[in-house]
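This briefing concerns the protein chain shown below.

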Amino acid sequence: MLFKTKLSLVQLMLERKPVITKHVYQCSLSNKSFNFAACRLDKLGFFISGNKILKIAPNLQEYLSSTQEEVPIATFGGSHSNHIRAFSAVTYALRLNSLVFLRESPNGHHIPLKDLATRKGCKVMLLSPEEYKHRENNAFINNLKSQHGHFYLMTEGGTSPSSVKHLSNVFSQMETSEFDHSIVPVGMGGTIAGLASGMGSKVLVIGISSVKADKSLNHRVRTALIDADLHDHYNWEISYDYHFGGFGKAKPELTEFAIGFEQQTGIELNQTYTMKSAFAMIDLMRKGKISNVLWMNTYNPN
Ligand SMILES: *Cc1c(COP(=O)(O)O)cnc(C)c1O
């Protein structure tokens with residue numbers, strides 16, 4: 001594949017616009033129904049979709065524009081990383097020379113993702129949990145480069161000034177005048193930063209944290225906005241009321257809700273993020289705290 005073909009494919013990815021679909025959720029317990037709209041990042045493309053692709057594409061554009069092709073593009077991720085899934089799908093589609101530094105789980109939980117990334121042509125390097133902690137440390141990264149050769153590094157999750165700016169751009173171009181609230185799941189905070197900036201001050205964006213209280217999260221969102229040179233409208237907040245025991249954890253109440261929600265909407269949920277944000281949306285609507293809601297479906301089920 002020609003280099004300029006790769007760049008133009010990335011350009012096409014950057015031009016994709018998410019669609020908004022309308023839904024009614026009938027709550028079996030209260031016998032009430034709730035209307036909401038869903039922003040379908042899952043429909044951005046086949047295999048190449050979800051919020052991760054919106055974050056990865058601007059990084060790829062920078063990589064392709066700044067680096068010689070022999071230099072591989074590398075990134076980090078843990079056993080259940082949607083970022084690695086998206087990264088391997090897109091580097092495969094573009095036939096890029098790619099390297100994945102995967103956190104090795106003592107229980108072997110990393111093996112399915114290792115196999116997937118390998119099938120997609122990524123060279124997978126395992127890092128012990130201890131080594132993995134140093135992934136943002138420059139000396140550690142330089143050491144990886146001396147072991148594995150030079151590489152272009154994309155940050156874990158793909159949050160960077162260019163990706164937050166791209167998210168903001170995409171969301172600012174959506175027709176959202178009918179919405180007062182938006183619900184988005186939060187991991188590292190890059191997506192909510194771009195969303196809040198792009199939606200503007202009329203919409204209150206509520207981020208649903210997948211982890212128990214994380215004091216650094218507000219700071220990370222603010223930093224992401226500043227680094228991307230975007231205006232903070234102070235139209236966002238993060239809720240820690242719906243983590244259901246912590247990252248990746250669930251409770252029967254949550255999984256039972258998810259089955260009904262999926263059946264009624266045809267939208268597949270994911271335990272780490274969108275199950276919790278969907279539950280939070282319905283709960284906040286039931287309590288009368290939010291209305292005219294745009295729910296962000298960040299998950300790529302492919
Ligand atoms: C990674 C991920 C998020 C979190 O995105 P951040 O930008 O890190 O906050 C939310 N939803 C899904 C489905 C994800 O994979």
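Of the 302 residues in the chain, 53% are buried. The model is a predicted one, and its chain contains 11 helices and 10 strands.

**Overall dimensions and surface**
- The radius of gyration is 19 Å, which agrees with the value near 19 Å for a compact globule of 302 residues.
- The C-alpha trace spans about 60 × 40 × 35 Å along its principal axes.
- Among contacts between residues at least 6 apart in sequence, 70% join residues at least 24 apart.

- In soluble globular proteins, nonpolar side chains tend to be buried together.
- The largest nonpolar core holds 29 residues, of which Phe171, Ile192, Val205, Trp236 and Leu294 touch the most other members.
- At least two residues of this core come from each of the strands S2 (32-40), S7 (181-186), S9 (236-239) and S10 (293-297), and likewise from each of the helices H7 (161-172), H8 (190-199) and H9 (216-227).
- Helix H8 gives the most to this core, with five residues.
- Leaving aside residues up to four places away in sequence, Phe171 touches Cys39, Leu41, Leu54, Gly194, Leu195, Gly198 and Met296.

**Charge**
- The chain carries 32 positive and 25 negative side chains.
- The centres of these two sets lie 3 Å apart.

Conventions. Residues are numbered from 1 along each chain as its sequence is written. This is a predicted model: local features need pLDDT of at least 70, side-chain atom pairs count only at pLDDT 80 or more; totals for chains, interfaces and linings use all residues. Side-chain values use heavy atoms; hydrogens and water are left out. A nonpolar core is a set of buried Ala, Val, Leu, Ile, Met, Phe, Trp, Tyr and Cys residues joined through side-chain atoms within 4.5 Å. Buried means under 20% relative accessible area, exposed over 50%, partly exposed in between (1.4 Å probe, protein chains only). Helices (H or I, at least four residues) and strands (E, at least two) are DSSP runs, numbered from the N terminus. Contact means heavy atoms within 4.5 Å. The radius of gyration is taken over C-alpha atoms; the globule rule is 2.2 Å times the number of residues to the power 0.38. Lys and Arg count as positive and Asp and Glu as negative; His and the chain ends are not counted. The place of a charge is taken as NZ of Lys, CZ of Arg, CG of Asp or CD of Glu.
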